[in-house]
Amino acid sequence: MDIKVLIDYLPLYKEALLLTLKIGWLGILAALVIGIAGAAILHFKIPVLKQIFGVYIEIFRNTPLLVQLFFIYFALPKIGIKISAEMCGVLGLGLLGGAYMIETFRSGLESIAKIQTESALSLGMTKGQVLVHIILPQALSISVPGILANLIFLLKETSVFSTISLMDLMFTAKDLIGMYAKTIECLFMLVVFYLIMLLPVSIIGSIIERRVRYAEFGD
Amino acid sequence: MKNNWLKKLLATVATVALAGSFLVGCDSAGGSTDNTSGVKYRTLDEIKASGKINIGVFSDKSPFGYVDENGKYAGYDVYFAEKIGEDLGVEINYVSTEAANRIEYLQTGKVDIILANFTVTPERAEEVDFALPYMNVALGVVSPSDAVITSLDEIGADDEVIVISGTTAETYLTKNYPNIKLQKYDAYAQAKTAFENRNGVAWANDNTEVIAFAIENEGYTVGIPSLGDQDTIAPAVTKGNETLLKWLNDEIVAIGADNFFHADYEATLLDTYGSDYEDELVVESGIVK
């Protein structure tokens, strides 16, 4: 491996990492918002919205991100809706992630036995108090591993962004290989940069998981 | 459960160290071949013995290498590939490639020959061995007819030019016009759609390709028909595969005597370009005029 090549390419990889992180985290933020809203709608069975979200989840969980990006980026402009590549990346990731997050949050909410609500109500708590003090703390704690898995999944999904001309880590590596054919160096840096991006998420995630699930781990 | 994160960190450090040492190991053990990345190839005899040759072609670059309406590979490159298969007496296994992975496919032995409109450049010649050329090419820039770009100086600071990753157009603009913003795609089909959607002000590529695009699609003009140096297009084999390279060179010289590539042009390119470009594009027996 040529160390000089690694150093030469470093700025390009850094730029790609920043772009990947920017789009990745904006997409995840959107996914979390959609996830919480959607889970609440499904849990409280709000009419009409419930059906709309049901269809949305099925569409986005059963099509690959690549196909969704193709549709948003290449097909929508044909009917006059033109979105920038970055916006398209955020939108694609947010909508895909949102569908997954809804199911994750919902699984947390549904896992709390109904008897807890009934008991709390019989003790004189209001519905709001039950939600804030009884249901949500437990539901969130149960959802945490799923949410973390989704985060890492979404950050890794950014690797298909090359399709819509976004210079993410994957495309930067492929592009440099195409131009200068320094394959080993480029792929090695690609692995290292993905680890730089994902390892902290994984590590911090483990720590957070232990904190919020103290009651379950119990040590 | 305790020290869970510590375990993760340790596992990763171990993985990276292992991967690193493996890669470095590959490098130092590369002495048996003359390329440092551990290239693999099949000699002429091995290909003949197997009865099958793997040829890398484009599947989306009409009229040079594409899949026609019957699902068959066709085009100028493919016409030549068929001849190679016939004269070698082996079956052809076409492998669809993208611009950016043509060198990779040769170095990893996925294909024996690349016939994907591969422009000869000094950088590429360091990684693969080119046979004699069979076509001329230069770069060209196409833009919508209502906003034709006739000089690269007209491109504004916020404008983006579409290129395909791994092409000579990309390398040329990166090197000579670093201020022009490039919008890169990894496949022809996507670049074309993006260009039609007007995601960029112009599309830079081989002039053969942009001329074909402007002829086939209404409303586009090739404002810059020739840019940079006149280059040639040639088949490429894995670096060091001398037996196959020699056979290819002999073949190109031999079939050139019968004006094979003129026949190729007339069969595959005439519909698109007309006869005006025939002598400009075709190279016979590897002799560039």
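## A cis proline in chain B

Pro63(B) sits in the loop that runs between β2 and β3 (65-67) of chain B, where helices (H or I, at least four residues) and strands (E, at least two) are DSSP runs numbered from the N terminus. The peptide bond leading from Ser62(B) to Pro63(B) is cis, with omega near 0°.

This is a predicted model, in which local features need pLDDT of at least 70 and side-chain atom pairs count only at pLDDT 80 or more, while totals for chains, interfaces and linings use all residues. Residues are numbered from 1 along each chain as its sequence is written, and chains are lettered from A and ligands numbered from 1 in the order in which they are written.

Chain B is divided into domain 1 (44-134 + 234-281) and domain 2 (137-231), with bounds that come from an automatic or database domain assignment. The C-alpha centres of these two domains of chain B lie 24 Å apart. Their contact takes 13 residues from domain 1 and 18 residues from domain 2, two residues being in contact if their C-beta atoms, placed from the backbone, lie within 7 Å. On the domain 1 side, the elements that give two or more residues are β2 (60-61) and α11 (270-273) of chain B.

Asn117(B), in the loop between β6 (113-114) and α5 (122-125) of chain B, has a positive phi of about 45° although it is not a glycine. Asn117(B) is buried, with 22 other C-beta atoms within 10 Å; the term buried requires 20 or more such atoms, exposed 12 or fewer, and partly exposed a count in between, with C-beta atoms placed from the backbone.

Arg198(B), in the loop between α7 (188-196) and β11 (202-206) of chain B, also has a positive phi, near 60°. Arg198(B) is partly exposed, with 13 other C-beta atoms within 10 Å.
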